[in-house]
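Hello,

Here is the structure I promised to pass on. Please look it over first; my notes follow below.

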2 protein chains.
Amino acid sequence: MTRMVGRGRNAAMPRSADVARVAGVSQKTVSRVFNDEPYVSADVRRRVLAAAEELGYRMNHAARALASGRTRSIGVVTLGTALYGPASLLMGVERAVRDAGYALRVVNTVEGDPAGVTGAVESLIEQGVDGIVISEPIDEGAAAVRVDVPVLVLGAPPAFAAPQVLTVGVAADALARAATEHLLALGHATVHHLAGPQRWYAARDRLDGWRSALRAHGRAEPPVVEGDWSAVSGYEAGRKLAADRDVTAVFAANDDMAVGLIRALLEAGRRVPEDVSVVGFDDIPLAAYVTPPLTTVRQPFDAVAQEGLKLLVQAIEKPDADPPPAVDPPVELIVRTSTAPPTGR
Amino acid sequence: MTRMVGRGRNAAMPRSADVARVAGVSQKTVSRVFNDEPYVSADVRRRVLAAAEELGYRMNHAARALASGRTRSIGVVTLGTALYGPASLLMGVERAVRDAGYALRVVNTVEGDPAGVTGAVESLIEQGVDGIVISEPIDEGAAAVRVDVPVLVLGAPPAFAAPQVLTVGVAADALARAATEHLLALGHATVHHLAGPQRWYAARDRLDGWRSALRAHGRAEPPVVEGDWSAVSGYEAGRKLAADRDVTAVFAANDDMAVGLIRALLEAGRRVPEDVSVVGFDDIPLAAYVTPPLTTVRQPFDAVAQEGLKLLVQAIEKPDADPPPAVDPPVELIVRTSTAPPTGR
DNA sequence: GTGAAAGCGCTAACAC
DNA sequence: GTGTTAGCGCTTTCAC
């Protein structure tokens, strides 16, 4: 079946008034039907729907947005990267937005762009959105924008002046703590940390979780090595770490770096897990299939996106209701074979 | 600095008429300035800009879209997956769309959704977009929609009735052919293929490339094993393939499956590359760091996205001009250590 | 070069 | 339950 769809000045698209004429009702009644408003008799509703179907009517969202001041769309600001974490979060957000009956607008921020998140948010506001999701932002200094739509920040402290700034943590510190404690429980004297870039809040949270685990157990805190999330940076860090015979356990801030790290370790003749245990973070789909299969911590991306969007949509639609209490997703440590007790050497 | 931005019925946002009053010009002149129309004196332009700045004016895109019938936005239809290929393409598209001065709307199609791509396209049209990008679609049968905006299809045959359907191939068949020929050149009698799900055009193209290489060299065409892009499916395929001692070289349709395959091979006691050579597809960032480092073929995602968007934007803005000839991005085979000549056994 | 008037296709507010 | 009347903030058309 071939249906005609389209939009544009001369495109002879039927409008609600045309539907009204065919159905023999007023234009406003057509509007009522398409907005599921009450007080429309079942009979009228049926006639309107039939007429709309017959004409191939589709509502013009621009006109609706102009008249109502609402767009039924949500904007998301992401880092423009195909990294597993941010990409998964984006897919989760898309799904949750669609399920809530909203449209999605996406703006990426570019690393090093002076406008950064602030510019991205302004461009979304200009486009017209009812709410904004900021996904895993990096710290760009105090670049506050006053926005009058609700803002949901995923994986960072609230940093925007908005009527409602909602935050859903990825519970990264708890997850990082669990990873570190797993290594400690195995009998390692201490745990080294291959951190993510500290401009990312997500990276800081993981570092905090690692540090708090070490402190809680009264262990020495070795110097932190910082990577940039990439396997290359993990590899480079691994070359340094491999030279240090005191290193028996490393917690990497993501799986990509963990894989690079392991490669460097192996090339330096240090076996994993016999000589050095490694735990990653994210549970990328490949984690179970690299050599050795990677012990890691699963990030509940979908749950975070869903949970967050529930808050955001409520803030948009019922601004006065109290936000429901946030439910922290469960910590999931996936133990595979890249970790083992230290072998006395 | 805290700037007030926002939109909405009661939000006391300044409009172009306010700017006009402050600048002492007509509302239409403000419109001219913001649309970079000619015939505005430099002096007037400066005054308008100053007034806008003073009031914190931002144009209302919904009103513009309603009046002009154009939205300056582009919609993209993607599969909702964080797989490296689709995710990279999406990021490339976002960047290219932003560079062209358009906004981006995203709709995912869900596997198994009856509406599928057709429904996604209709929802974009309804939202109002000036052009549509369909990224790596799967074959859903003939579900044609007549759309009156230009459509760009990335990585599949044109399948939509639209004023302009543009296609930019990922040249997947040429790339797959190069991968296969690399293995043949190494001295392997033939090459097995671990294919992607055949509903994806991208998977079919790779299979075609593999097949044509085999035919061109007069080699036997072994039965195809089909996976679903995931490492798990590669692993399962690997268990079957490992049992067959005739298998000395495998071309996997993506890197994730290649990694799963290698793991299965190793577990079955077959060494890579000594007993079996493996080449992947995509060059995921991890490819150089897995064990053994993966020989693979690099997909030029950014180039494809940029190239495609150039076509699309031209089709939107200058519908009558001839589309510039498509430039095929170069084939890049990355040889690492998962491939080697067969060892006579 | 600039301005006045008339919509774009909807929703809001209120009448009936 | 349903219709009427005004806009929403821009662009278009055409006059000057």
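**DNA strand C**

Of the atoms of DNA strand C within 4 Å of the protein, 62% are sugar or phosphate atoms, and the rest belong to bases. The model is predicted: local features need pLDDT of at least 70, side-chain atom pairs count only at pLDDT 80 or more, and totals for chains, interfaces and linings use all residues. Residues are numbered from 1 along each chain as its sequence is written, chains are lettered from A and ligands numbered from 1 in the order written, and side-chain values use heavy atoms, without hydrogens and water.

DNA strand C is surrounded by 24 residues (a heavy atom within 4 Å of the strand). Ser16(A), Ser31(A), Thr29(B), Arg32(B) and Ser41(B) are the closest. Helix 4 of chain A gives the most to this surface, four residues (helices are DSSP runs of H or I, at least four residues, numbered from the N terminus).

- A base oxygen lies 2.7 Å from a side-chain N or O atom of Arg32(B).
- A base nitrogen lies 3.4 Å from a polar backbone atom of Ala63(A).
- A phosphate oxygen lies 3.5 Å from a polar backbone atom of Asn60(A).

**Helix 8 of chain A**

The 16 residues of helix 8 (residues 201-216) should span 22 Å at 1.5 Å a residue, and the end C-alpha atoms are 22 Å apart, which agrees (the expected span is 1.5 Å times one less than the number of residues). Gly218(A) follows helix 8, with a positive phi near 60°.

Best wishes

Notes:
Helix = DSSP H or I, 4+ residues; strand = E, 2+ residues; numbered from the N terminus. Polar contact = N/O pair within 3.5 Å; in protein donor to acceptor, adjacent residues only side chain to side chain.
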